[in-house]
Structures are given as structure tokens and as C-alpha cells.
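The following exercises concern one protein model. Each task is followed by a solution worked in steps.

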Amino acid sequence: MQLDFASMAILIAINLAVIGVALPLAMGTPISRAAQHMQGYFLLQALGWALILAASRIRGTTWDPIFSIAATCAASAAQWLMAQTLQSWLGPHSLSRLVLGLCVLGPLGFIFFIDSMTQRMAWYSLCHGLSIACLGWMCLRPQRPAAPHWRYLMAGCALVMSCSLFTRAYLAAYTPWLSGFAQDGVANHVFAVIAQVCGSLVLVCMLVAWRDETNQKLRELALNDQLTGLANRHALLQTAPLMQALAKRQQLPLAVLLLDIDHFKAVNDQHGHSVGDQALQLLARVLKSEVRSDEMAARWGGEEFCLLLYAQPTAVDAFYQRLCVLLQQQSLQELGFALHLSGGCALQSLQQPQSLQQLLQHADTALYEAKSNGRGRLVFERTSIAPALAPARAAQEPSPTP
């Protein structure tokens, strides 16, 4: 039994439509913006195939050019959504502007050549092929780290599809073998098969990319504190050994600093837990603005934060004093009362390196001493060579009231 091009096109349109409808069911809700663009890509591709097939059945009527133009617009919009999908996963790319230009030029040229079937088909096949080639190049040159396997497969599909479209453009413009998009013939049959195979492979690539995106989000959730956006305890415990090794190798000072918001329970009791959450988020923002990119700030638990700083005692003390001033100023502005910090610091010895657990224990002991001696101060572990430190404020402080 011989399958004509119309039947093949119907099967392709149905297949793409089913994929587009089924994607949210397979992924679950809510789906990411990239996945939404991917769904739109398959649905618009299905619409494009359906419209061009419908146009071939009403050739010569008033509706023929309308359906044909609508088909090209749907296919071009699908390519733009694919570019958006790839940028979500691979990072913004300069070629996306070229894709957008080709997606606009394709339908415009199609309208310009509307009276010539071969010219409009050649023009649109050329623009469509170039836009797909750009998408393939975006896969090969990602702007952020991404798994190579699905990218290479996607680029291969783009190469095959663009070459087939360039061939169709040549056949339409320079040979008598291809005079219509839906005409039965070897060229159209081969193109339909290639489109179906590449469409299935693109689906595989997109599902793998979506899986990688989901896994990355899960990793971020596992390593980030959801309230403050800082790293959590687990992330710090993973990163600290690497920072200790770097400090030892390059003979850098490394300080473990534990910070605690003074009278935080009073903040929750007097102002409510939502204000307490705002206080934690405020401190996190201040820490982000003050901690260098090669250092680390993490929420250790409750109102306690842990920092890893490449700094000598005098620099740690200066950092703490600056932090206290900023926190007091911004909390007065945003919360209506001042927040204060107590700190305990332990320093890694270059002569007798200590384990992370030992440093944390020493810093915790120093923090306890700071709070026992009136709060609002930074205390170094007794084995550290610390500068003469004055309390950040008076030993007795009023309760945090507006």
C-alpha cells in the first residue's frame, strides 16, 4: 500500500498535536517557562502542517492564500518558541535575534511571492532552513553549562532538517520536480519522513533537557535556604573542605564566623513571625552585599548564620563592625527597630590545621561567650590571635520595640 503525502502530513500533524497536549500531563504541573514554550512549539508545528494541508485542498480559492500565510506564520512562531526554549536552558544567545528576523522575513517574503507557488515555497524553505540552522548552532554554543548529549542530538536534527529545507528551496526554484508543498512525489515524501523522524528526536532531546532542568532545581533546593536565599547548612558543609584545602595550599587565612541575631525570640513575640522572617531576609541581603564571591555565607539554623571568610582577625573584626552598622541602619528603615548581632569566630591555623567540626565548635563556644557577656559583640576563640575588640554597642540593650 502506497502512502500519499496528504496522509503522511495528517499523521505528522496529529502526532505533533498529541505531543503538545500530552506534555503537561507527563511533566506534571506547574511546568517551567521553557517547558511551556516547548509545548507551544509542538502545537504550532501541528497547526502549521494542518493549515498547509488544508490550503492544498482549496487551491485556487479565496481561502488558499489566507491558509497558506497562516501556515507559514504558525511554523515561524514555532521556531521562535524553540529559540526561547533553548535560551531558557542554554542561556541568552546573540543568534536569537537572527532567528527572530528570519521568522519575520519568512512570512513577509511568502506574502510578497504569493502569486508564485514555486517562488514562495523556495523563499520560505530557505528562511525556515536558516532559522533551524541557527537553532542548531545555539545548541553547539551554549552560554551556560548544559549536558552535551541532547545538545549534539538536537544540533544533528537541525542540520538534517535545514539541509532538507535548503534542498526543497533549490528544487522549487530551479527544477520542475517540486511545484507544490503537498504534491505527491519523492522529494515531498522524503521530506515528510525526515520531518517525522526529526520531530520525534527533538521530543526526546526536549524531555532530556527538561529532566536536567528539573534535577538542577532540585539540587538548588537541596543546597539553598528557601527563606533567605543563602546556602544552607548542607551546602556549607560540602563547600568548607574545598575552602580549607585552598587556604592551606595557598597559605591563606580562613575564619569561621558564627553570627546570631540578638533577642530574636523577642522580635517574634512582639512583632510576629512574619516580621521575624523579614529580619532574617534583611540580614541575608546585607550578608550577600558584603561577602566576597570567593567566600561563603550560609544560614546555619534559626537566627544563626555561618560565614567562611579569607581574612585575618583584624579584617574579620572590621567586617563585623561594618555589618552591624549596615544591619542597624537598614532594620530601622525597613522594620522600625534596630537589629543587633553577636558573633563568635574561629581561625584556621596554618601550622596546626583543624577540622571543620573543631573550627565550628570553637566558633560556637566564642559565640556563647559573646552572648553571655552582654551580646552585641564579636568574640574570638581563645587560641586565636585577636585584636583588642570593643563591644559593638553597650552591654545592656533595650528590647526591640518600634
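**Exercise 1.** In which sense do S1 and S3 pair, and over how many bridges?

*Solution.* The model is a predicted one. Strands S1 and S3 pair in the antiparallel sense, and six bridges join them. Within S3, glutamate 304 has aspartate 260 opposite it.

Next, consider strand S2 (residues 296-301): S2 and S3 also run antiparallel, joined by five bridges. Here leucine 307 of S3 stands opposite alanine 297. The hairpin of S2 and S3 has two residues between the strands, and glycine 302 takes a positive phi near 60 degrees in this hairpin.

**Exercise 2.** Where do the buried residues of H11 fall when seen down its axis?

*Solution.* First, check the length of helix H11 (residues 313-334): at 1.5 Å a residue, its 22 residues should span 32 Å, and the 31 Å between its end C-alpha atoms agrees with this.

Second, identify the buried residues, which include Val316, Phe319, Tyr320, Leu323 and Leu327. Seen down the axis of H11, the buried residues fall within an arc of 155 degrees, so they line one face of the helix. Thr314 and Gln333, on the other side of H11, are exposed.

Third, find the packing partners: the buried residues of H11 pack against elements including strand S3 (304-309) and helix H10 (273-290).

Notes: Residues are numbered from 1 along each chain as its sequence is written. This is a predicted model: local features need pLDDT of at least 70, side-chain atom pairs count only at pLDDT 80 or more; totals for chains, interfaces and linings use all residues. Side-chain values use heavy atoms; hydrogens and water are left out. Helices (H or I, at least four residues) and strands (E, at least two) are DSSP runs, numbered from the N terminus. The expected span of a helix is 1.5 Å times one less than its number of residues. Buried means under 20% relative accessible area, exposed over 50%, partly exposed in between (1.4 Å probe, protein chains only). The arc is that of the directions from the helix axis to the C-beta atoms. Contact means heavy atoms within 4.5 Å. Two strands pair if DSSP finds at least two bridges between them.
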